[in-house]
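Open the model in your viewer and show the cartoon with side chains. Follow the selections below in order.

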Amino acid sequence: MMTNPLRQLALFGQSFWLDYLSRSLITSGELARLIEDDGLSGVTSNPTIFDKAIASTEEYDEEIGELAARGFSDEAIFEELAVHDVQKACDLLWLVYEASQGQDGFVSLELPPALADDTERTIAEARRLFAKIDRPNAMIKVPGTPAGIPAIEQLIADGVNVNVTLLFALDTYERVMEAYLRGIERRLAAGQAVDRIASVASFFVSRVDTAVDQRLDALLATVTDAEERARIESLKGKAAIANAKLAYQRFKRVFLQGERFARLRERGAQIQRILWASTSTKNPAYSDVMYVEHLIGPYTIQTMAPVTVEAYRDHGKPRANTVEEGLDEAERVLAALGQLGISYQEITQKLQREGVELFQASYESVLRRIAERRRSIITTSERLGSELARYGSDIERTIDALLAANTVERIWQRDASVWTDDTKRQRTISQRLGWLSIADEMRRHLQELESFQQEIRERRFTHLLLLGMGGSSLAPEVFQRVFGHDAEHPELQVLDTTNPDTIRRHRERLDPTRTLLLVSSKSGTTLETMSLAAYWFAELERELGDRAGQHLVVITDPGTPLEDWARSRQAWRIFLNPPDIGGRYSALSFFGLVPAAAIGLPLAALLDPVSAMAERLRRSTPENPGLWLGATLGTLAQLGRDKVTFVLEPAVAPLADWLEQLIAESTGKQATGLIPVVHEPHLAPEHYSNDRVFVTLDLALQPHTPTEALLKAIETLGHPVIRTRFWNLWELGAEMLRWEFAIAVAGKVLGIDPFDEPDVQASKDRTARLLAHYQQTGELVRPPAAFSEGSLSVGGTEASDLRSALTDLIGRIPPAGYLGLLAFIDPTPDTLELLHAIRQLLAERLRIPTILGIGPRYLHSTGQLFKGGPNTGAFIQLVSEPANDLPVPGQRYSFRTMFLAQAYGDYEALVSRGRPVLQISFRRDALEALEQLEQALVVTVH
Ligand SMILES: O=P(O)(O)OC[C@H]1O[C@](O)(CO)[C@@H](O)[C@@H]1O
Ligand SMILES: O=C[C@H](O)[C@H](O)COP(=O)(O)O
């Protein structure tokens, strides 16, 4: 015999639904269990239910974080979460739906309550949500308000399953049934099927008692006559059930006895069942199962809150057809209330209005909850899992001091006194803070950039050749590498060298008729960029003649020589960047976004998380993710952990090149600074020195096990590890802004100006002198060589053989020092592989941090740090003489001469700063020379 009272309800024609839904109900298996064991055959939800669900579990956090990162609004996040749960519940109830041939097994989702007075939007939103849920056993809850009722008719006619909610009054219910019938009739008239259109009418029960009892209590307070009091008392807790029973009679008249529906039924129409909602007992003085008990009958549904489910399973006593018992009594109760002056119409109308308001309040509460979660998830994910070893309290002290000095507000107010007291320098710095609000500024250009993107697509370029150094090319290169090549758009190639071998290789690979040339330079004077621009434009002209300008795009500041150059060449597009942004802070300005548009990136997807980040960076609290990061890096550097070592998984590794410039060029000055260590081969965990802090970016949705394993070991050994969790790659732009802010803060902590690059000029000046001398005399002055050995010619040493020269140099590396391998070379896969092998050897054997710079590219990245930063570096400069040469149009020197002059200029600059530098020039083939060097190191470095 069946003993579960919940299951027995089905025997009496009643379906048992659950008035609750949450992610954990699904993931814990509880919903499946209710279906299996208790015969549950449907689910209803409402905004209050979701509010509770989201408040009570962390299970939504991952999805909230991911959606927020993708730029979803709070409303949109709510919709995604709710739709997801409804879909899963629909899937769990699918067998019930199928077994009942589409009569049962439904899951309801309520429309936003704010639509309750708007018929058109109710129709549009219900259609959209129904399509989005995309399950035949979903129902959309539409309130039975004056504006809702016409929408119901339309939605039924459209084939949307509707659960009519917030029904209290009998006459409203009549109109709802009429709307349903008309909807079905319209479908039939249009020759459409009706057998799978389902609808329920949700009659709210307990709330009627709550409202009526309140009135009765108010009356009791005024009545003294005992008999009259007894009469009033006897009506308490009666109105709701009476009302529901009378509703059932109306239901029967229309659906079970009415001729109109009988005709529709013959053509396949389903009965619009009546659903008892609000069936949990609100007054503890009443039985906790009373609303279920009295309302059992065929074609009804009981949707029960979890407490009522428990209670009814425990002590429910189902009997057949209780809904038809005591009908006279029901009439009498309602009449008696009228006689007492309690207006049925007024109460039911008020209940409906309050119902909408209550759900609206819950809806707003859900949104607030999501907003809070979003903020806290993102804030914590920006440092989730960070392990600061024993440095936590030092970092906190720094943060407190920064906050006490109103650092965050002052940065946003562009108050340059954050960094210096010198008023002249303050004026310069205040012209370097435009990056703070660049996302807003760029949004104003979104249309322009998107139509540029469209035109590029239409012109079917295969390549985008970007000429630009440092901050003018690193971010675009990161975008291309991280997001990959999209076949509909050109592939970006960056040319940031003066090496004629490299330039020639590009020239041979590219077809100028299918290539767009992009020249990027803030100053519009950078030697490499302007020389390359002259060369490439001449190549375009050779192939395209007058049309060459149509293949030229330029990004520069207003009024630069490059702007004039572009105009005189009738460039297709000239983007003039806001001038108050320095190169390494320009990733999210035209310098990053124009190439990003050209390679087909959806700019809004990149910018949306940036705006959300900007909002968090405005907070003057320890949770400010940029403040925290900058204070952490600055404090650790002061405590001897100044080697910022990036251990990044492959998907985000290209970002390191951009970070390297930002960090090195911004902070490496006045004999202090952060030393970025990027793309270093992984070492055995115990080989990392104690001057390191590690930084990683976890891609939350696809963890990279080898990187994770190394970091765990590093952490165990007590090194600080800064972790940031990325929900998806579209957070890249936001992360760039966070690092810019962090580095501005770190600059403050270290007491330097993070916006200038005073020592870059030192090598530029020396190179210019070497080139001027060359132009006058035809001779390029080389630093003297001490000796030659095999393929190598070595300078900068007193030694007379390679092993002693290397041993001397290594002996000059100061404690907590690092080694820079500065290679003026053509970076082919083969040369790079050997350079990495050499780097690995040095790092493993010397157990010190290593940096690899390719010249002249590094001059615009780490070059500042090598000359201006802490005097802890030792350098091996490798100079591979190019095999080829190319003329620089308009100059008396060639690219080869310029390339060598840059190498020599930087060598001289490093030496003049007292840095230990060994210069090794390759006399023959670069690979042969690198192999010789590697072998010498193998026997020298132990
Ligand atoms: O955009 P520009 O003016 O060509 O400068 C390129 C790069 O050169 C530097 O000014 C100095 O190396 C960098 O800061 C900058 O990113
Ligand atoms: O789906 C049904 C209703 O939203 C629900 O039953 C309301 O119940 P309450 O009156 O207990 O809030």
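Select Ala823 and look across to β22: Leu878 stands opposite. This is a predicted model.

Now take β22 alone, residues 873-880. Are its residues buried or exposed? Eight of the eight are buried, so β22 is largely enclosed by the rest of the structure. Color by side-chain direction. Gly873, Phe875, Gln877 and Val879 point one way, while Ala874, Ile876, Leu878 and Ser880 point the other way.

Next, select Ser880. Its bridge partner in β23 is Phe922. β22, α38 and β23 make a right-handed β-α-β unit.

Move to helix α32, residues 705-716. Pick its end C-alpha atoms: they are 16 Å apart, which agrees with the 16 Å that twelve residues should span at 1.5 Å a residue. Select Thr707, Leu710, Leu711, Ile714 and Glu715, which are buried. These residues cover an arc of only 135° around the axis, which puts them on the same side of α32. What covers them? Show β16 (692-699) and β17 (721-726), which are among the elements covering these buried residues.

Turn to the face of α32 away from its buried side. Thr705, Pro706 and Thr716 are exposed there. Finish at Gly718, which follows α32 and has a positive phi, near 90°.

Technical notes:
Residues are numbered from 1 along each chain as its sequence is written. Chains are lettered from A and ligands numbered from 1 in the order in which they are written. This is a predicted model: local features need pLDDT of at least 70, side-chain atom pairs count only at pLDDT 80 or more; totals for chains, interfaces and linings use all residues. Side-chain values use heavy atoms; hydrogens and water are left out. Helices (H or I, at least four residues) and strands (E, at least two) are DSSP runs, numbered from the N terminus. The expected span of a helix is 1.5 Å times one less than its number of residues. Buried means under 20% relative accessible area, exposed over 50%, partly exposed in between (1.4 Å probe, protein chains only). The arc is that of the directions from the helix axis to the C-beta atoms. Contact means heavy atoms within 4.5 Å. Two strands pair if DSSP finds at least two bridges between them. A crossover is right-handed if, with the strands pointing away from the viewer, the path from the first strand over the helix to the second runs clockwise.
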